[in-house]
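Here are my notes on this one, jotted down while going through the model. Have it open next to you as you read.

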Amino acid sequence: FQRCVGQDACNAMWSTTFDIDRQCGTSYHGRFKDFMTMAQRRNIVIGGAMTDVKGDRNLTPSQQEDPDLFCRIVRRRPDGGIVLRGCKAHQTGTLNSHWMIVMPGGKLDKADKDYAVACAIPIEAPGITYIYGRQSCDLRAMEGSEIDQGNAKYGGQETLVIFEDVEVPAEYVFMDGEVDFTQSLVERFTAYHRRSYICKAGLGDVMLGAAATVSDYNGTSKASHVKDKLVEIAYLNENIAGTALAASY
C-alpha cells in the first residue's frame, strides 16, 4: 500500500542529491544510491515525509514560537550523523512502510538552515511517535462490520509523526543545510506526486463498474440521469489518466 509517495521521494532525491554534490562537493548522491540498492534488494516499502505542521504560516520555520513545528536538525555529530526533532503531518501509509524519507516541505532561506534536512529513517527508529488519525469510514472496517470493508487490514493509514531526538547515521543523510536546493526538491517531488495519482483513475473505473452494475440490478440503467452520471464518471477517469500521463512528460 502507498508505495507511490516513497517512489516520488526517491525520484526527487536522486536528481537533487546529484545536483547538490555537483555544486557543493558533498557525497549525498553516492549515499542515496547505496540506500536505494539496499531498498531494492530487500524490497522495502518507503514512505515520503514532506508535509510540515507549519504553525503560523506568515512566519518562516525559524521564526515560529515553537521551533518543533517543522522538522529540524538539533545536533550534528562529528562523524556526520545528525539528530532530528520536530514533526511531519498527514503521513499517508507511513505505518505500513519499512523506512521513510524525510524532506523539507518548502523553500528555505539561510536562517532556516537547520530545517533544510533530507534523510532516510527506519519506521521503528527510537524517538519516533505516531499519532494515528481516524477516518470516517473506519467504523466499517474496525468495529464489527463484515461488508464494505475495502482493504480491511492495510487500508488508509494517516499519522502525525513526532521526532524526539531521533539519531540518523551519516550514511542516511542526503541534505544537511543546503537551503538553495530546497525549492527544487519540493518542485520535483510535487511533479512526480501529481503524476502518481493516475491510480485514482483505476479506482474510478472500479466505482464506475460498481455503479453501472447496481443500476442494472435496479432496472434504472436506461434512465437518462443515471446514464449522465455514469458518463461523467467515465469522463473524469479519462481526464485524470490523461493529465497524469501528460505530467510524466
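1. Ground rules. This is a predicted model, with pLDDT of at least 70 needed for local features and 80 or more for side-chain atom pairs, while totals for chains, interfaces and linings use all residues. Residue numbers start from 1 along each chain as its sequence is written, and side-chain values rest on heavy atoms, with hydrogens and water left out.

2. Overall make-up. The protein has six helices and eight strands, where helices (H or I, at least four residues) and strands (E, at least two) are DSSP runs numbered from the N terminus. Going along the sequence, the pattern reads α-α-β-β-β-β-β-β-α-β-β-α-α-α. The C-alpha trace spans about 70 × 45 × 45 Å along its principal axes.

3. Burial and surface. Of the 249 residues, 40% count as buried; buried here is under 20% relative accessible area, exposed is over 50%, and partly exposed is in between, with a 1.4 Å probe and protein chains only. The protein exposes about 14,000 Å², with carbon and sulfur atoms supplying 52% of that area. Those areas come from the Shrake-Rupley method with a 1.4 Å probe, and for residues only the protein chains shown count as cover.

4. Contacts and charges. Take the contacts (heavy atoms within 4.5 Å) between residues at least 6 apart in sequence: 74% of them join residues at least 24 apart. On the charge side, there are 27 positive and 32 negative side chains, and the centres of the two sets lie 3 Å apart. Lys and Arg are the positives and Asp and Glu the negatives, with His and the chain ends not counted; each charge is placed at NZ of Lys, CZ of Arg, CG of Asp or CD of Glu.

5. The mixed sheet. What is the strand order in the open sheet with mixed pairing? The four strands run β1-β4-β5-β8, and two strands count as paired if DSSP finds at least two bridges between them. β1 and β8 (173–176) are the edge strands, each pairing on one side only. From one strand to the next the twist averages 20°; axes are lines fitted to C-alpha atoms, for helices over the stretch in contact, and angles run from 0 to 180 degrees between N-to-C directions.

6. Around β4. V102 makes a handy landmark: A49 stands opposite V102, and the bridge partner of V102 in β5 is C119. As for the side chains, W99 and I101 point one way from β4 and M100 and V102 the other way, and all are buried.

7. Helix α1 (residues 3–24) lies across β1, β4, β5 and β8, running at about 70° to β1. S97 sits in the loop between β3 and β4 and is buried, with a relative accessible area of 8%. Leaving out residues up to four places away in sequence, S97 touches V45, I46, G47 and I123.

8. The antiparallel sheet. The other four-strand open sheet has the order β2-β3-β7-β6, with antiparallel pairing. The twist here averages 10° from one strand to the next. β6 and β7 (residues 158–168) pair over six bridges, and G133 has E158 of β7 as its bridge partner.

9. Two backbone spots to check. Which residue in the loop between β1 and β2 deserves a look? K54, in that loop, has a positive phi of about 80° although it is not a glycine. K54 is partly exposed at 24% relative accessible area, and touches Q64, L69 and F70, not counting residues up to four places away in sequence. H90, in strand β3 (residues 82–92), likewise is not a glycine but has a positive phi, about 55°. H90 is exposed, with a relative accessible area of 54%.

10. One last distance. K54 and A89 are 35 residues apart in sequence and 9.2 Å apart in space, C-alpha to C-alpha.
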